[in-house]
Amino acid sequence: MDRQTQLAREHRERQEQRSKDTGNSRRNTVIGALLGVVLVAGGVIAAVTLMGNDDSKAPDAAAPADSASASASASPGASVPAAVPSTGASANPAAATCEYRKDDSGAPAKKVGTPPAKPDTRGKNMVITTNQGTIVIQLATAQTPCTVNSFEFLAKKNFFDNTRCHRLATPDTVGLGMLQCGDPLAKGDAKHATDGTGGPGYLFADENLGGIPLGRGTVAMAQASEDANSNGSQFFISFSDENTQLTSSGAAFTPFGVVTKGMDVIDKIAKGGIIPFNGDPLADVRGEGSNAPKLPVVIKDLRITR
């Protein structure tokens, strides 16, 4: 199913409004391309498709999150949340019932079954072991029981093992700063338009919208801004406070945790730069493909700790 996207971007440092163009479209299943980034004198206003493409729809174990401090921001004034805020918490997450529906969009999938409807609410941290270093995420389990339940189920199935983080969005190319992972079929080489379309074969609803700002250090589910309640397995880790503007755009992205250890790993990946999709970094903006991290990022292991 085609989606029309807006194209209006220019380098952030120019700080002047640019005209909007209509770009190509693609069917998205998880973070893929920007719907549009409009640069104005006061900052960047961004709207993104946080899903995939055309008509398809980890070093030694890390220390506990409460013993690890978040790294300093790469830019002045930016910060990493010290802990998951209490706002948006479910009154009784243990009583929640989760619905995981079949993804009938035709998106490529690595099917390992469906999570149980009754969520396990004991998850505290998500530890992602990659070839570039270990990342620890404090989970907002009370606020996002069904999201955490899905990750725990997939982790137990080794769903994420040896998968590649296929997309790196940087402020100077697309106006946002995030690393996208979770497509089990992605090549991560900026050559395959199918990167960003893969999932687990099921979808589930949004949670905790607005509960955690989408700034630096936030981890959120990736889905097309026009396809609410269509979360799968893909997620993004924010390394820029500019991503907070996604919330004001009205798009729905489920924030389910904050990085408490490993922002230095994310910063290293970001500073390594991108491989532009087929040599054209703006192809990412137009929705034609994903700019990949120049430093290859392979998830060796992903697990939920209690």
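# Strands, rings and cores in a predicted model

Visitor: How many bridges join S10 to S13?

Guide: Strand S10 (residues 178-181) is joined to S13 by four bridges, and the two run antiparallel. Two strands pair if DSSP finds at least two bridges between them. Gln-180 has Phe-236 as its bridge partner in S13.

Visitor: And S12?

Guide: Strand S12 (residues 218-221) also runs antiparallel to S13, with three bridges. Met-221 stands opposite Phe-235 there.

Visitor: Back to Gln-180: which side chain makes a polar contact with its side chain?

Guide: That of His-166, at 2.9 Å. A polar contact is a pair of N or O atoms within 3.5 Å; within protein, one must be able to donate a hydrogen and the other to accept it, and residues adjacent in sequence count only if both atoms are side-chain atoms. His-166 is found in the loop between strand S8 (163-164) and strand S9 (167-169).

Visitor: Is His-166 buried or exposed?

Guide: His-166 is buried, with a relative accessible area of 1%.

Visitor: New topic. Which residues touch the most other members of the largest nonpolar core?

Guide: Met-126 and Phe-235 do, in a core of 38 residues. Helix H1 (residues 145-156) gives the most to this core, with six residues. Another core, of 12 residues, lies apart from it and has Ala-169, Ala-220, Ala-251 and Phe-253 among its members. A nonpolar core is a set of buried Ala, Val, Leu, Ile, Met, Phe, Trp, Tyr and Cys residues joined through side-chain atoms within 4.5 Å.

Visitor: How many aromatic pairs are there?

Guide: The structure holds eight aromatic pairs. In Tyr-100 and Tyr-202, the ring centres are 5.5 Å apart and the planes are at 75°, so this pair is edge-to-face. Rings of Phe, Tyr and Trp (its six-membered ring) pair if their centres lie within 6.5 Å; planes under 30 degrees apart count as stacked, over 60 as edge-to-face and the rest as tilted.

Visitor: What about Phe-151 and Phe-160?

Guide: They form a stacked pair, 5.7 Å centre to centre with 15° between the planes. Both are buried. Ring pairs also link Phe-151, Phe-159, Phe-160, Phe-235 and Phe-256 into a cluster.

Visitor: How is S6 joined to S7?

Guide: Six bridges join S6 to S7, which run antiparallel. The two strands form a hairpin with two residues between them. Thr-130 has Gly-133 as its bridge partner in S7.

Visitor: Why is S7 described as largely enclosed?

Guide: Six of its seven residues are buried, so S7 is largely enclosed by the rest of the structure. S7 also pairs in the antiparallel sense with strand S14 (residues 255-261), over four bridges.

Visitor: Where does Asn-131 lie?

Guide: Asn-131 lies in the loop between strand S6 (125-130) and strand S7 (133-139). Asn-131 is partly exposed, with a relative accessible area of 37%.

Visitor: What does its side chain reach?

Guide: The side chain of Asn-131 reaches the backbone oxygen of Pro-296 at 3.0 Å and the backbone nitrogen of Val-298 at 2.7 Å.

Conventions
Residues are numbered from 1 along each chain as its sequence is written. This is a predicted model: local features need pLDDT of at least 70, side-chain atom pairs count only at pLDDT 80 or more; totals for chains, interfaces and linings use all residues. Side-chain values use heavy atoms; hydrogens and water are left out. Buried means under 20% relative accessible area, exposed over 50%, partly exposed in between (1.4 Å probe, protein chains only).
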